[in-house]
Amino acid sequence: MERLLDYFVPEKYVLDFGINKFNKKTFGVVNVNGEVINETVKFHAVKLNIRQVFVNGKEVEYETEEETLIINNVALGETEFVIVFDGLLNENMEGVYLSTYDYNGEIERIVATQFESHYAHEAFPCIDEPEAKAVFELKLTVPEVEDEVVISNMPVAQTKKHTKVPDGKHVVFYDNEGKKVADKYCEYIFEPTPRMSTYLLAWVIGKFHGKTITNEHGVEITTYCSLVHDVDSVIFANEIAARSLEFYDDNFGVPYPLKKLDQVALPDFEAGAMENWGLVTYRESMMLVSADATLGTKKSVALTVAHELSHQWFGDLVTMKWWDDLWLNESFASVMEYYAVDAIHPEFNIFEGFFTGDCQAALNRDAYSGVQSVHQEVRKPEEIATLFDSAIVYAKGARLMLMLIRLMGWDSFCKGLVDYFNEFKYKNTVGDDLWESLKPYASFEPRKLMHAFTDRPGYPVITNEGDDFREFSQKRFLLDGGEMTESDWPLPKITEDMSGHYILNLSEEEFEDRLNNFDKLGLEEKLRLLIDRDLITKSGLVSADCLAPLAMKFKNESAPAVWNKVAGLVGNLKIYFDDESKDEKLLKKYTFNLINDKLDEIGLVTRDDDDEDMIRLRANLLALDYYAEDEGRLKLLDEMYDDDYMKMDKEIRGDILCAKAYLEPEIVDEFLVKYKEIADPDVKFDYLFAACSVRDEKQAEKLLALMGDYKMVKPQDQLYLFVYLYRNPKTRMQAFEWVCDNWELVKKMGGEKSLNDYPTIIGRLARTREELEKFVDFFGTMREDLVVARAVEIGENEIRARVELIEKDGERVKEAVKKI
Ligand SMILES: [Zn+2]
C-alpha cells in the first residue's frame with residue numbers, strides 16, 4: 001500500500017480551521033513544514049475542495065485524485081506547503097462532524113471530531129498515517145455563541161473576538177432558516193501539541209457543562225456532558241480518570257505529559273470512546289454515571305475510562321508505526337484497564353468480568369477458520385476499518401498480554417515498560433520493540449512466545465500426556481468442523497487458571513475428578529473448567545448431552561462468575577430447541593428448576609447489606625428466570641413496577657420492566673415515550689431493552705418500525721436495536737430482513753467500522769437452515785467487499801457449524817434435558 005510519508009515527512013502543521021455549524025461549512029488554511037524526499041508529494045484529502053496550493057510561498061499547479069492531492073516537481077529538502085481548502089461537516093460520526101441534541105425545545109448543535117483510524121483527511125489535507133507524527137498548532141474560528149465550550153487537545157493560549165471581517169464588513173451568521181444566530185466570530189488559538197499522529201488530533205465545540213478536579217500529581221481533569229444531563233453524572237468518570245492517571249504515572253515511569261485532560265460525552269458517537277491525547281471523547285452510555293446507574297454501568301464506565309487513559313501512553317505517547325500493529329495499542333489498553341480498575345476499586349472483582357467476558361469471546365471467535373490474527377497485514381485502506389475485531393485485537397490480544405504479564409510478574413513487566421516509554425516516547429514502534437524492552441526482565445523470550453500467538457490465528461487444545469500436563473500434546477482448536485491438526489505453540493508451562501490462551505481437553509476421569517473437588521478449586525480454575533467444557537461440546541469432541549446434567553450440578557453455587565458460565569451452558573442448550581416449541585417448554589422448566597432454590601434463598605429485591613457479588617448473582621439468576629417464563633416471579637417483579645423509574649430498585653429495574661412488558665404488552669407504547677424523553681442513557685436503554693423483549697405480535701411490529709427511524713433511535717444506537725430485536729424470537733427474522741432490504745441506508749448512517757458487526761452478530765446467533773440460506777444469499781454477494789469480507793466468511797462458517805452440530809447432537813441433548 002502506498003505510504004505518503006515516503007514522499008514528504010511533515011514536522012509541524014499550523015492549521016487555521018473555520019467552522020460554521022449553522023450552514024455546515026468548513027474552511028481552512030493548513031501550513032505544513034517538513035522535508036520533501038520525493039519530487040512528487042501527495043497529501044491525503046477526501047471530501048475536500050482544494051482551492052489553492054503554495055510551495056515555499058509560490059502558488060503552484062496541483063492535481064487531485066479520489067483520495068489524494070498531488071503536487072509534482074517539488075525540490076527536495078525543507079519545504080513549506082500552504083493549502084487553502086473548504087469542506088462540509090460530516091453527519092456520519094467520522095472526520096469533523098455535526099451532532100445535535102434537543103434542549104428546552106431548541107436544537108443544540110455540536111461539532112466534534114473522530115479521526116481514528118484515517119478520517120483526519122476528511123477535515124484537512126495531511127499525511128494521515130500514524131507514523132507521520134508532527135506538532136499541531138491549531139486555531140479554530142467559529143461563530144461566537146454564548147456559553148459554548150471550545151476545547152482541543154491542548155489548553156487555549158489566546159482568544160480573539162471580532163465583529164468585522166478583515167475587509168471591514170460586519171459579521172452576521174444565519175442558520176438555514178435565515179434566522180440570525182451570531183454577530184461575532186471568535187478565534188481560539190491552542191498551545192502547540194507534542195509530536196503526535198494525525199488520528200489523535202481533536203476538538204469539540206458546543207454547549208456542555210462539567211466538573212474540574214486536580215489529581216494528586218497536579219493534572220487538571222475536566223469532564224463534560226451535554227446540558228440535558230445532570231452535571232453530577234460526570235463525577236464518577238472524573239474520579240476514575242484522576243486515579244487512573246495516577247496509577248499509570250506510578251507504573252509507567254513517564255508522567256502524563258500534558259497539563260490537562262478533558263473528557264466529553266457526546267450525544268452522537270460511533271465507537272465506545274476515543275483516546276485523543278488530552279481530549280478523550282465518549283459515547284454517553286460509556287461515560288455518564290447518574291445517581292440511578294447500576295453497578296454494571298459503573299464497572300463498564302470505569303473500564304472504558306481506564307482503557308482510554310492507558311492509551312495516553314500506549315497509542316498517544318508511543319504509537320504503532322502502521323495499522324498492522326493496531327493491536328499494540330488495543331491489546332495493551334484492553335488488559336491495562338483491568339489492572340487500573342482493580343487497583344482503584346478492588347471490591348469490583350473486576351478481573352472476573354475479564355475471564356467470563358473477554359476471554360470467552362476471544363476463545364469463541366478465534367476458533368474459526370478465516371479469523372484474523374492479532375497482528376494483521378493491511379494492504380488496502382478499506383482494510384483499516386475491518387481491523388477493529390473486538391474479540392481478536394482487543395480481547396485475544398489482552399488475554400495474550402495477561403499471559404505475558406503473569407509469566408513475567410507485574411513488577412518485572414513494569415520495569416520493561418518504563419524502559420520502553422523512555423526510549424520511544426513521541427516516536428513510533430513495532431511489536432518487537434516492546435518485546436525487546438521486556439526481555440531483560442523475563443526468564444524466557446517474550447518475542448518468541450508472543451509472535452507465535454500474534455502472527456497466526458487460533459489457539460491450541462491441550463491433551464495431558466503425563467502428570468499434571470508436564471507432558472502434553474496440542475492441536476489447533478476449531479469450532480467450524482475443520483480438521484484439528486498438530487500444532488506447536490511454544491507454551492512455557494500449562495496452568496489450569498485463566499492465564500493461558502488455550503483450552504484443556506480433559507479425559508472423562510480428569511473432568512470428573514475436578515468436578516468432584518469443585519469446591520476446592522480456585523475461582524479461575526472453576527471458570528476454566530466450565531469455559532473449556534462449553535467449547536469442547538460445541539466442537540463435537542464431547543457430545544453436548546453432558547451439558548444439561550453438568551449445569552444442574554451448580555444449582556447451589558453462590559459465585560456470580562460461576563453462574564455467569566452456568567448461564568452460558570444454558571445458552572448453549574438453547575440452540576438445540578426450536579423457539580416456542582413443545583420441547584422448548586421442557587428446557588424452560590429445566591431452567592426454572594436450575595435457579596429456583598437459589599433465587600428463593602437470595603430474594604428478588606436488593607437488600608442494604610448486599611455486596612457487589614450478591615447484586616451480580618441476582619442479575620445472573622433473574623436473566624435465566626425471565627427465559628424460564630416463571631410467571632410467579634414475573635408477577636412479583638411486576639408488582640414492583642412504578643411509573644416513576646426513580647422509585648424502582650435500580651439494580652433490578654431492567655428485570656421489572658421486562659416483566660411488565662411480558663405481562664402487559666400495551667405498556668410498550670409508554671416505554672417508547674420514556675425511552676425518547678429520558679436523558680440518562682442507563683435508564684433509557686432499560687426501557688428500550690424491555691420494549692424489545694415484548695412477545696406480543698402487534699407490539700412487536702411497532703418495535704420493528706423503529707429500525708431506520710433515526711429520529712426515534714439515533715444512528716449510533718441502531719445496532720443495539722438490531723441486536724435486541726434479533727434476539728427476540730418474535731422479531732428475529734423480520735429484523736434480519738430489514739437489514740438486508742436497507743443495507744445501503746445502514747452503510748450510510750452507521751460508519752464503516754460498525755458494518756462488520758451485522759454479519760458478526762448474525763453469525764454468532766443464527767442457528768437454522770433458513771437463516772443460513774438467508775445469510776449466504778445476502779452477504780454472500782459481499783465476499784469481495786473488504787470492509788465486510790472477513791466477517792461474512794467467519795459468519796457463514798459459524799452458522800453452518802452450528803446447524804450441523806444441532807442436527808448431529810440435537811436429539812440426544814433433548815433426551816438429556818427430559819431426563820432431569
Ligand atoms: Zn482502545
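Helix α26 passes helix α27 in a left-handed crossing; a crossing is called left-handed if the near helix is turned anticlockwise from the far one by less than a right angle, and right-handed if clockwise. Helices here are DSSP runs of H or I with at least four residues, strands are runs of E with at least two, and both are numbered from the N terminus. The model is a predicted one, in which local features need pLDDT of at least 70 and side-chain atom pairs count only at pLDDT 80 or more, while totals for chains, interfaces and linings use all residues. Residues are numbered from 1 along each chain as its sequence is written, and side-chain values use heavy atoms, with hydrogens and water left out.

Back to the helix pair. Two packed helices are described by the angle between their axes and the distance between the axes. For α26 (residues 769-779) and α27 (residues 789-819), the angle is about 165° and the axes are 10 Å apart. That makes α26 roughly antiparallel to α27. The axes are lines fitted to C-alpha atoms, for helices over the stretch in contact, and the angles run from 0 to 180 degrees between N-to-C directions. Angles under 35 degrees count as roughly parallel, those over 145 as roughly antiparallel, 65 to 115 as roughly perpendicular, and the rest as oblique. On the α26 side, Arg 769, Leu 772, Phe 775, Val 776 and Phe 779 do the touching, and their partners in α27 include Val 792, Ile 799, Val 803 and Glu 807. Sorted by class, this contact has seven nonpolar, one polar and five charged residues. Ala, Val, Leu, Ile, Met, Phe, Trp, Tyr, Cys and Pro count as nonpolar, Asp, Glu, Lys and Arg as charged, and the others, Gly among them, as polar. Contact itself means heavy atoms within 4.5 Å.

Another pair is α17 (residues 653-663) with α19 (residues 681-692), whose axes come within 8 Å and cross at roughly 30°. These two helices are therefore roughly parallel to each other, and their crossing is right-handed. In α17, Arg 653, Gly 654, Leu 657, Cys 658 and Ala 661 meet a set of α19 residues, among them Val 683, Tyr 687 and Phe 689. By class, the contact of α17 with α19 has seven nonpolar, one polar and three charged residues.

How much of α17 is buried? Nine of its 11 residues are, so α17 is largely enclosed by the rest of the structure. Buried means under 20% relative accessible area, exposed means over 50%, and partly exposed is in between (1.4 Å probe, protein chains only). The buried residues of α17 include Arg 653, Asp 655 and Lys 660 as well as Ile 656 and Leu 657. They pack against α15 (612-627), α16 (631-639), α18 (668-677) and α19. Tyr 626 of α15 is buried too, with a relative accessible area of 16%. Leaving out residues up to four places away in sequence, Tyr 626 touches Leu 634, Cys 658, Ala 659, Tyr 662, Ser 693 and Arg 695.

Next comes the metal. The zinc ion has His 307 (NE2), His 311 (NE2) and Glu 330 (OE) as its protein donors, at 2.0 to 2.1 Å. Their spacing along the chain is H-x3-H-x18-E. His 311 sits in the loop between α2 (295-310) and β23 (319-320) and Glu 330 in helix α3 (residues 326-344), so the pair ties together parts that are 19 residues apart in sequence. His 311 and Glu 330 are both buried. Donors are N, O and S atoms within 2.8 Å of the metal (3.2 Å for Na, K and Ca), and sites may look incomplete, since water is not among the atoms.

A few backbone spots stand apart. Most residues other than glycine have a negative phi, and most peptide bonds are trans. Lys 47, in the loop between β3 (41-44) and β4 (49-55), has a positive phi near 60°, and is exposed at 51% relative accessible area. Glu 580, in the loop between α13 (560-574) and α14 (582-602), also has a positive phi near 60°, and is partly exposed at 45%. The peptide bond from Glu 116 to Ser 117 is cis, with omega near 5°. Ser 117 belongs to the loop between β10 (106-114) and β11 (135-143), and Ala 120 lies in the loop between β10 and β11 as well. Ala 120 is buried, with a relative accessible area of 0%, and its contacts beyond four places in sequence are Phe 115, Cys 126, Asp 128 and Thr 198.
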